[in-house]
Amino acid sequence: MRSDGTISIWFFIGVSLLVNGVLIFLAGLYQLSHPPAVKVVLYDLHASVWWGAILLIIGLIYCIRYNPNRA
Amino acid sequence: MMNLGMAMITADRLVRLAPVDLVIVVFYFVLVLAIGFYLKGRSNTGEDFFLAGREMTAWIAGLSFLSANLGALELMGWAAASYQYGILAAHWYWIGAIPAMLFLGLVMMPFYYISKTHSVPGYLKLRFGEASRALSAICFAFMTVLMSGINMYAMALVMKVVLGWDINFSIWVSSITVAVYVTLGGLRSAIFNEVLQFILIWAGALVIPVMGLIEAGGWKALQLKVAQNASVEYTHLWSTLGSFKDNPMGIHWTGIVFGLGFVISFAYWTTDFLVVQRVLAAKDLRAAKMAPIIGAAFKMFVPFIVILPGLLGLAVLPMKLTGEAAAVASGGHSYNEVLPLMLARYCGPGLLGLGITALIAGFMSGMAGNVSAFSTVWTYDIYKALIKKTATDAHYVLMGRWSTFVGVLISILTAYLVMQFLSIMDYVQALFSFFVAPLFGTVILGMLWKRATAAGGFWGLLAGTVSSVGMWAWVKVDPTALRYVALSSDAKDMAENMYRGLWSWILCVVVTVAVSMVTKPKPESELVGLVYGATEIPSEAEVPLYQKPVFWAVIVTIVFIALNIIFW
């Protein structure tokens, strides 16, 4: 929490990236185990997995760094 | 870019969302509303509601400054333009934005900020008097809600084509969401959500150029493919601008440098209150100067998620995209669909939801920017100045909340009006451009020339605006007049807009100077905080070099020049 008592915008951004990252990462993993009949171009790169993981990690860092319960 | 919505009305649905995509979209709406409710208790005073308490850091103000402009129509429209005209479209992000943003930060921001004005019309009141403020405020308020409605309608059309969503559903859900979070939290809520939207736009759109470059085989291979599928000129920024006929846009470098790079971009980025309002919310003068510079730094890289996907579309899409009429006739895809097509090409479930969320976020940030700017100008520059001059601060905050709500309602009505009369979109787009170029003439003379008088400012602004309307009407009535207004009968709409802006700006400056020379100027004591030479700008001598706005402006300038040379 900031010194004036408000939650930082960066915390909200962290939550957004974290939730989206988890959902995209899990969707990517599901596609790995259940390959779709119609695949997107460059499916073999599994963009959902690594992009979801990147968002998840960045989101997690922001959530911790700007956690309102942190002193 | 307003033709985007009209063009897409006849196309088929492009993508189908999976349940996880819908969860991502719904989560976005929940989060922006949660931010609005959370900030409700922090917007009780006028300063809080209309200027976010003037406590935004340079980063937040700078990202919000950029995000207010980064609407989804902007994203999709310029991706389409780059498919159609090649990398020339990047001029609107580089020379058409960066110099003006740096100029705003280094030269103009001190006067906006030190004068403690709430708005750009408010600055005109302090510098030139009530008549200039009333003229600019009424024009701005009227145009802003109309533009907001048009954007809303275009967004609903895009959602219908891309996702198959009902137009009424898109209009009401997005506008009610924006109305709720801006009404509750004022400018602070709008700014917070704009920063969130800015991050989501990058998170959702960045996948396309990364995957596209992998598929194309890198930049050099992309250039070769574009040269094969279109023309070698499509990947050159300046080398083809020596002649009108040597480049896909049919434009000359003088039009890009003077028309776009000077008048149009300076007018928009330095005087359009929609974007300037974000910077006025900065916590101190140094943050206010840094915010546009930070915005400029990020603006330079927006072509990576907007222009590059258009070029990649030229290189890798199996079908040839066409103009609107041809797409309607053939049942194929138009230029305007290049971004959704590229999104659908690379993004599976989850990523697709994030990409669609990025588009929705873009639409909503633009709309929130419009209604929050409208609310401030209506409350301070029209209602307080002309209707109810004395009232409590709480009364004006209440008026701000109501005007936000009413502004959204007018926008919705405009959206339905446009649905019935599509040509309104073209007229309002033109009307908006009438006012901005002369306004820049008035503001810049007001800031830099002590001799400019109240009468000079008003008559210059009026003459510039009326002449711009006159030139537009002249060409409408007699299309052959184009050769006088745009210096060539072959000029396209973009060229006509640039030259009309240039002439109206020149006329505004000439009339302002002429009238000022024969009228009595204000005494210098009344110009303190408003004009160069009469205002003491706080010294930054003690500030470390890396914290000085001018240092970062130089860095941005170097990168800006390098980018233009690399893609020459």
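This is a predicted model: local features need pLDDT of at least 70, side-chain atom pairs count only at pLDDT 80 or more; totals for chains, interfaces and linings use all residues.
Okay, let's start with chain A. On secondary structure there's not much to list: 2 helices and 0 strands. The radius of gyration is 16 Å, while the globule rule gives 11 Å for 71 residues, so chain A is more spread out than a compact globule. You can see that in the box as well: along the principal axes, the C-alpha atoms fill roughly 55 × 15 × 15 Å.

How much of chain A counts as buried? For its 71 residues, the figure is 38%. The accessible surface of the chain is about 3900 Å², and carbon and sulfur atoms own 68% of that. As for contacts within chain A, take the ones with a separation of 6 or more: 74% of them come from residues 24 or more positions apart.

While we're on chain A, have a look at L42(A). That residue sits in the loop between helix 1 (9–33) and helix 2 (47–65). L42(A) isn't a glycine, and yet its phi is positive, about 60°. Its relative accessibility is 26%, so L42(A) counts as partly exposed.

In terms of contacts, 27 residues of chain A meet 33 residues of chain B. So what about charge pairing across the interface? The rule finds 0 salt bridges between chain A and chain B. Polar contacts do turn up there, in 3 residue pairs, with both residues at pLDDT 80 or more.

Over all chains the count comes to 9. In general, side chains of opposite charge can pair when their charged atoms come close.

Let me show you some of them in chain B. E47(B) pairs with R54(B), the closest N and O atoms being 3.1 Å apart. Of those two, E47(B) is partly exposed at 32% relative accessible area, and R54(B) is buried at 8%.

Next, E55(B) and R188(B), with 2.5 Å between the closest N and O atoms. This one links distant parts of the chain: E55(B) is in the loop between helix 3 and helix 4, R188(B) is in helix 9 (residues 167–205), and they're 133 residues apart. At 27% relative accessibility E55(B) counts as partly exposed, whereas R188(B), at 2%, is buried.

E215(B) is partly exposed at 25%, and R345(B) is buried at 15%. And there's a network too: R42(B), E55(B) and R188(B) are joined by salt bridges that share partners.

Last item: A52(B), in the loop between helix 3 (46–51) and helix 4 (58–67). A52(B) has a positive phi of about 50° despite not being a glycine. Is A52(B) buried or exposed? Its relative accessibility is 0%, so A52(B) counts as buried.

Notes:
Residues are numbered from 1 along each chain as its sequence is written. Chains are lettered from A and ligands numbered from 1 in the order in which they are written. Side-chain values use heavy atoms; hydrogens and water are left out. Helices (H or I, at least four residues) and strands (E, at least two) are DSSP runs, numbered from the N terminus. Buried means under 20% relative accessible area, exposed over 50%, partly exposed in between (1.4 Å probe, protein chains only). The radius of gyration is taken over C-alpha atoms; the globule rule is 2.2 Å times the number of residues to the power 0.38. Contact means heavy atoms within 4.5 Å. Accessible areas come from the Shrake-Rupley method with a 1.4 Å probe; for residues, only the protein chains shown count as cover. A salt bridge is a side-chain nitrogen of Lys or Arg within 4 Å of a carboxyl oxygen of Asp or Glu. A polar contact is a pair of N or O atoms within 3.5 Å; within protein, one must be able to donate a hydrogen and the other to accept it, and residues adjacent in sequence count only if both atoms are side-chain atoms.
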